[in-house]
Protein chains: 6
Amino acid sequence: MSIFGLVEYADASPEVRAVYDDIMATRQTDYINNFWKSLAHDPATLKRTWESVKEIMAPGALDVLTKEMIYLAVSVTNGCGYCTASHGAAARKAGMTEAMFGELMAVVGMANETNRLANGYRVPIDPAFEK
Amino acid sequence: MSIFGLVEYADASPEVRAVYDDIMATRQTDYINNFWKSLAHDPATLKRTWESVKEIMAPGALDVLTKEMIYLAVSVTNGCGYCTASHGAAARKAGMTEAMFGELMAVVGMANETNRLANGYRVPIDPAFEK
Amino acid sequence: MSIFGLVEYADASPEVRAVYDDIMATRQTDYINNFWKSLAHDPATLKRTWESVKEIMAPGALDVLTKEMIYLAVSVTNGCGYCTASHGAAARKAGMTEAMFGELMAVVGMANETNRLANGYRVPIDPAFEK
Amino acid sequence: MSIFGLVEYADASPEVRAVYDDIMATRQTDYINNFWKSLAHDPATLKRTWESVKEIMAPGALDVLTKEMIYLAVSVTNGCGYCTASHGAAARKAGMTEAMFGELMAVVGMANETNRLANGYRVPIDPAFEK
Amino acid sequence: MSIFGLVEYADASPEVRAVYDDIMATRQTDYINNFWKSLAHDPATLKRTWESVKEIMAPGALDVLTKEMIYLAVSVTNGCGYCTASHGAAARKAGMTEAMFGELMAVVGMANETNRLANGYRVPIDPAFEK
Amino acid sequence: MSIFGLVEYADASPEVRAVYDDIMATRQTDYINNFWKSLAHDPATLKRTWESVKEIMAPGALDVLTKEMIYLAVSVTNGCGYCTASHGAAARKAGMTEAMFGELMAVVGMANETNRLANGYRVPIDPAFEK
């Protein structure tokens, strides 16, 4: 259970409802997931976070699927259970196949391994990488 | 400086040279970066790690650029300076533009932020994500 | 469930009971939380950890509420579920309002985001910060 | 060195200069630190990040000093060298004394220790914390 | 629940069964734990990971118990619940007593604490350590 | 450079000197490393941390070398540069050979990899591990 519980649409202030409405319109769904219902206890953070997510996750130089896979890679690395579940679902919705998930996880695993090998061997940065 | 120093090709054992040769052939370069020259102190780890990286980073369901960007996202999240430098260079070589890097970093930053918001608000996982 | 179970007062050795007694006296409560009941399997660690916590969390140059909020910020960043629950409760008991919690979480989220932006852009430290 | 170098005011686009101007006006200084000069390579991220930081770090239910100490606690936990230097400087400017820093660090260290003790002993969350 | 469910032996492909057979033969057990049954969705990762684990965890310059305790120390530090449970069980099977676990946890806790004290005080590396 | 500089013996208060004396006597050396010279700005933390380290790192159910290798494994996982250097040196002094270091690093790398595979595949804990 979250500390303060979930804020349902019916109980939300107009300020919170406006964000919920924009989430549903932008995502073309009538579903608000628990992350937003939890943040709604702090309307300023709800609004700022949603607007940042909306701007950042829109297609640009990177497509939506690539962005969702990067989001998932970070969430798995940090061990965030909620974010792994939610962005796993979002990545699948954006087109991630089981084969793509398998390769994503292989890269995430290997990166976490070699990050520590580099730390432990205290590998000096190659001058070639600084150009 | 690394703890044990870098193993240059001229000083390497035949076992290590075989890995170096495969790295250079696979990557079509005559450059061995410091990560491998450090791991060379443990030929078994050098060989196993290189063979894993070679298998994982080959194009498959995901292309090389996407894989390098995921590698970079993990390295930045973990704060691995060497890996951020080396995979930043590798991603640029694989085609990452400055605009793509900007969007990648924006996603990485946002994911690290929302991971903690989810932790702190103790958001319960939506049943919809479990299907 | 914890690996070794919880050590209840009735089953505790005199050495463990002495720590439990001091916890209850210091906190003016008859409740020992599960963290201590788990550590009780290693009386030396129980005693050393409690004495350190007691010394560190006492009011000093920083008041108790500020200390509890810092403790919570670290626990959320690390994704420690138990510690987020226990220090969330402790911070509320020390006076953290819902508005304060909201601002705390906003700072924690932003810090986690900008930490990675600084890592990824490999920002050099300003000489002005070294003075 | 950062990957893309620092964007100085003289070389900045009007969009970037507008953010720099707001940073200097808000902070009442003529100094722009390297974090912003690095982010300036991505004006959208520069603007969004600055506006978020400005909103989050303004005094509210928590004062500026408390917010800066929380920022520092997170940065130290994550091992972000740049952020530890910059928010260490900001916290001192906001009034953090050496004694306050000492207590802050003691809490950060203890929280990082007990987070792992809770993980390792797999301590179950007390029902009392869920209310 | 895992995203894709567990692959039981009866439902596994010959490629996956070959890995399961080797796990059971190597460990002299008829039990395959859930980690491998989850990875089985990606047979290439299953095979590569098992072969790496088998090679790395074999007795060598370090004995099996020491290796399992190091594995546990890392898992606890990262807050990986599954790995803490599985390698806690593996370490006990390899001979870790309750007293050894207590000392292991004390070291893990202290290391996590002093890592942050070193970060926060920005302690410069002693030249003596570089030799 | 550290924020507050290093406190040399000649400039230390009697309280700090007493800790320095005990470090030198316990370790049978006349060398105080920079970690302690930095903590000396907060004599209470210096004393408490030293006494905890002294108690925890003494030989017990685990020998000194095993403890130092666990300390190193945690420090490498967290990416603490100072601690990797100092506990790498301490482990070598306690008898860690290059072959042992190689195996330690292999385990640390693999644990960091499989921790994320377990997170990403959301592997459910085997009931067998809970007994």
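**Chain contacts in a predicted model**

Reader: How much area is buried between chain B and chain A, and what share do carbon and sulfur atoms give?

Author: The size of an interface is often given as the accessible area lost when the parts come together. Buried area here is the accessible area (1.4 Å probe) that two parts lose on being put together, summed over both. Between chain B and chain A that comes to about 5,700 Å², with carbon and sulfur atoms giving 71%.

This is a predicted model: local features need pLDDT of at least 70, side-chain atom pairs count only at pLDDT 80 or more, and totals for chains, interfaces and linings use all residues. Residues are numbered from 1 along each chain as its sequence is written, chains are lettered from A and ligands numbered from 1 in the order written, and side-chain values use heavy atoms, without hydrogens and water.

Reader: Which residue does B:Lys67 meet in a salt bridge?

Author: A salt bridge is a side-chain nitrogen of Lys or Arg within 4 Å of a carboxyl oxygen of Asp or Glu. The rule finds 2 across the interface of chain B and chain A. In one of them, at 3.0 Å from N to O, the partner of B:Lys67 is A:Glu103.

Reader: What area do chain D and chain B bury between them?

Author: Here the contact takes 10 residues from chain D and 8 residues from chain B. The count is 1 salt bridge, in which D:Glu130 pairs with B:Arg122 at 3.0 Å between the closest N and O atoms. Carbon and sulfur atoms hold 53% of the buried area, which is about 740 Å².

Reader: Is A:Ala99 buried, partly exposed or exposed?

Author: A:Ala99 lies in helix α6 (residues 98–120) of chain A. Buried means under 20% relative accessible area and exposed over 50%, with partly exposed in between (1.4 Å probe, protein chains only). A:Ala99 has 45% relative accessibility, so it counts as partly exposed.

Conventions:
Contact = heavy atoms within 4.5 Å. Helix = DSSP H or I, 4+ residues; strand = E, 2+ residues; numbered from the N terminus.
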